[in-house]
Amino acid sequence: QVQLVESGGGLVQAGGSLRISCAASGPTLSSYAMGWFRQAPRKEREFVASITWFGGRTSYADSVKGRFTISRDNAKNTVYLQMNSLNSEDTAVYYCAAQTRYGGPYDIWGQGTQVTVSS
């Protein structure tokens, strides 16, 4: 069974940067796109960014445009989220997910990694 494993979360000061990773393990993951989502305390999970495996087409939430960059390494089956100019509102558990078919839901999820921004 394919598993998505996030890593790289931690504590960072406001204005700082952090890069989190999502690696697929197990059988080869065949998916259309990968996405990052986040959930802050007492808030609903929200979309952050996505990228297609082929073509590398990206999409971002307005709240992170210009600050976050999503990228992928097809050979390593790994997706990254580079986060710059972090602020306290970015504090959340960050999840990666796979959209295994075009137009379908994100149906494989990682366990999440905590990102905490201190002010």
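Colleague: Where is the place of serine 21?

Modeller: Serine 21 sits in strand S3; a strand here is a DSSP run of E with at least two residues, and a helix a run of H or I with at least four, numbered from the N terminus. This is a predicted model, in which local features need pLDDT of at least 70, side-chain atom pairs count only at pLDDT 80 or more, and totals for chains, interfaces and linings use all residues. Residues are numbered from 1 along each chain as its sequence is written, and side-chain values use heavy atoms, with hydrogens and water left out.

Colleague: Why is serine 21 called buried?

Modeller: Buried means under 20% relative accessible area, exposed over 50%, and partly exposed in between, with a 1.4 Å probe and protein chains only. Serine 21 has 15%, so it counts as buried.

Colleague: Which residues does serine 21 touch, not counting residues up to four places away in sequence?

Modeller: Serine 21 touches Val5, Glu6, Ser7, Trp36, Thr78, Val79 and Tyr80, where contact means heavy atoms within 4.5 Å.

Colleague: What makes cysteine 96 buried or exposed?

Modeller: Its relative accessibility is 1%, and therefore cysteine 96 counts as buried. Cysteine 96 belongs to strand S9. Leaving aside neighbours within four places in sequence, its contacts include Cys22, Trp36 and Trp109.

Colleague: How do you know which class serine 85 and its 43% belong to?

Modeller: With a relative accessible area of 43%, serine 85 is partly exposed. Serine 85 is in the loop between S8 and S9. Its phi is near 50°, again positive in a residue other than glycine.

Colleague: What is the class of proline 105?

Modeller: Proline 105 is partly exposed, because its relative accessibility is 48%. Proline 105 is placed in the loop between S9 and strand S10 (106-109). Apart from neighbours within four places in sequence, proline 105 is in contact with Ala98, Gln99 and Thr100.

Colleague: What makes a set of residues a nonpolar core?

Modeller: A nonpolar core is a set of buried Ala, Val, Leu, Ile, Met, Phe, Trp, Tyr and Cys residues joined through side-chain atoms within 4.5 Å. The largest one has 28 residues, and those with the most contacts inside it are Trp36, Leu81, Met83 and Tyr94. Among the strands that each supply at least two residues of this core are strand S3 (18-25), strand S4 (33-39) and strand S9 (92-99). Methionine 83 touches residues including Leu18, Ile20, Phe68, Tyr94 and Val115, not counting residues up to four places away in sequence.

Colleague: How do you know whether the radius of gyration agrees with that of a compact globule?

Modeller: The radius is taken over C-alpha atoms, and the globule rule is 2.2 Å times the number of residues to the power 0.38. For 119 residues, a compact globule would be near 14 Å; the protein has 13 Å, which agrees. The C-alpha trace spans about 40 × 25 × 25 Å along its principal axes.

Colleague: How many helices and strands does the protein have?

Modeller: There are zero helices and eleven strands. Of the 119 residues, 45% count as buried.
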